[in-house]
Amino acid sequence: MSAFDHDHSQDDPRLSRRKVLECMTWAGTGVLWSISGGVPHALGLIDSAQAAEPAGLTFLQISDSHVGFDKPANPNAIGTLEEAIGRIKAMPVKPSFMIHTGDISHLSKASEFDDADRIISQARLDVHYVPGEHDFIDEEVKLYRERYGRGTKGSGWYSFDASGVHFIGLVNVVDLKAGGLGNLGAEQLAWLEDDLRGRSKSTPIVVFAHIPLWTVYPTWGWGTEDGARALDYLKGFGSVTVLNGHIHQVMQKVEGNVTFHTARSTAFPQPAPGTAPSPGPMKVADDKLRGLLGIASIIFKPGDERLAIIDTPLQG
Amino acid sequence: MTSLALRNICIRVAISAVMASFMTAARCEDLAVMIDNFTFEPAQLTIKVGTTVTWKNRDDIPHTVVSAGKFRSKTLDTDDSYSFTFTSPGDYKYFCSLHPHMTGMIKVE
């Protein structure tokens, strides 16, 4: 999106009935601070949104596939990843690309990364990855970077542009400090500041990382120690969307120009903050599991400050 | 109570005293910290120099045991264990490098 487009949209509010209705639809899916509830049945919404206006950019987020996980909370994490990819293949309009917000594997085994690649590649989409802490636990800590690190800096951060949106993939699962939360570190923060320097404030920004960049629940480590510093660099940009995983449930909040959102896992659910003795995998009845796993679609339209985020459970 | 019965009780008390002291001695050599629900249990342990501590992960999620510059386990999957023998006194703070809110301490006297 160019600066000219942005100015034009400010001069011309275009508050058509259609637009108001659209905003209302999106308000239902995301603007409120909601905890895993009220998730709309997504495909219908995507259809109507796409029918209403020519699409700008649609991309997908999947997260926490934990290939290799086989414990009671979901003995078949490979199967549910396959189901998620099946849903993506069946979408009526092909998204531009996909992001994966980490914990691709459960134990960073080569066989787990192989299985993940074999399944995810069936979507036939470019995939932009960031690592989760489960992707850095092989003995030599090299498999993630060998497979996904090409063209990235440090432990795997990078940025790219698509349809006028600037995307920034960050790594906050390395060099964690005792008693602390997720961590970006000085080197990555300096890179981020540099990456944003001189960029037009009207450029929509999408930041994605594994652990939430905002403090969701520090008792369980759900937050990023120096996340606020990253957000400082994003002040002044008109549209900032932060997409995370790690907590295996949908959470969203809006703070000024910044929308924070976490995606479901494709492998197993985790409890809402403080509702269980630990954040470990949550065992639910077999017929409830697929309602708690899923993917997210993110739709950006030039002229709209807020991206529409639609969470789709595997079932329900 | 007959003198025979009294003697039996005395013998039992003596045997259990011996067993108790034997078990205490055994514990000095080998102590366990369980990892359950993303916590180290007990979170703090006081031991004698020469004691071996074994951590066992009983969660469905992998954990590690790391004391900066002192010891570092490999990643412990469910039911995996890691042992370390403490040969010098001091306070050994440690944590899980994957879930850093999990912390513990071994005091070696």
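This is a predicted model: local features need pLDDT of at least 70, side-chain atom pairs count only at pLDDT 80 or more; totals for chains, interfaces and linings use all residues.
**Exercise 1. Work out how β6(A) is paired with its neighbours, and in which directions the strands run.**

Strand β7 covers residues 205-209 of chain A, and 4 bridges tie β6(A) to it, with the two running parallel. For a landmark, look for A:Ile168, which stands opposite A:Val207 in β7(A).

Now go to β5(A), residues 158-162. Here 5 bridges make the link to β6(A), and this pair is antiparallel. The landmark is A:Phe160, facing A:Phe167 in β6(A). The hairpin of β5(A) and β6(A) has 2 residues between the strands, and A:Ser163 takes a positive phi near 50° in it.

**Exercise 2. Decide which helix goes with β6(A) and β7(A) in a β-α-β unit, and give its handedness.**

The helix to pick is α7(A), residues 186-196. Together with β6(A) and β7(A), α7(A) makes a right-handed unit. While you're there, check the cover on β6(A), residues 165-169: 4 of its 5 residues are buried.

**Exercise 3. Find out how α4(A) and α5(A) are oriented relative to each other.**

First, what do you need? Two packed helices are described by the angle between their axes and the distance between the axes. For α4(A) (residues 77-89) and α5(A) (residues 110-120), the angle is about 25° and the axes are 9 Å apart. Next, apply the cut-off: angles under 35 degrees count as roughly parallel. So α4(A) and α5(A) are roughly parallel to each other. Their crossing is right-handed.

Finally, see who meets whom. From α4(A) come A:Ile78, A:Leu81, A:Glu82 and A:Ile85; from α5(A) come A:Asp115, A:Ile119 and A:Ile120.

**Exercise 4. Locate A:Asp175 and B:Asp79, then say whether each is buried, partly exposed or exposed.**

Take A:Asp175 to begin with. You'll find it in the loop between β6 and α7 of chain A, with a positive phi of about 60° even though it isn't a glycine.

On to B:Asp79, in the loop between β6 (71-72) and β7 (81-85) of chain B. B:Asp79 isn't a glycine either, and its phi is positive at about 70°. It has 9 C-beta neighbours inside 10 Å; the cut-off for exposed is 12 or fewer, so B:Asp79 counts as exposed.

**Exercise 5. Track down the cis peptide bond that joins B:Glu41 to its partner.**

The partner is B:Pro42, and omega is about 0°. To find B:Pro42, go to the loop between β2 (39-41) and β3 (44-47) of chain B.

Terms used: Residues are numbered from 1 along each chain as its sequence is written. Chains are lettered from A and ligands numbered from 1 in the order in which they are written. A residue is buried if 20 or more other C-beta atoms lie within 10 Å of its own, exposed if 12 or fewer, and partly exposed in between; C-beta atoms are placed from the backbone. Two strands pair if DSSP finds at least two bridges between them. A crossover is right-handed if, with the strands pointing away from the viewer, the path from the first strand over the helix to the second runs clockwise. Axes are lines fitted to C-alpha atoms, for helices over the stretch in contact, and angles run from 0 to 180 degrees between N-to-C directions. Angles under 35 degrees count as roughly parallel, over 145 as roughly antiparallel, 65 to 115 as roughly perpendicular and the rest as oblique. A crossing is left-handed if the near helix is turned anticlockwise from the far one by less than a right angle, and right-handed if clockwise. Two residues are in contact if their C-beta atoms, placed from the backbone, lie within 7 Å.
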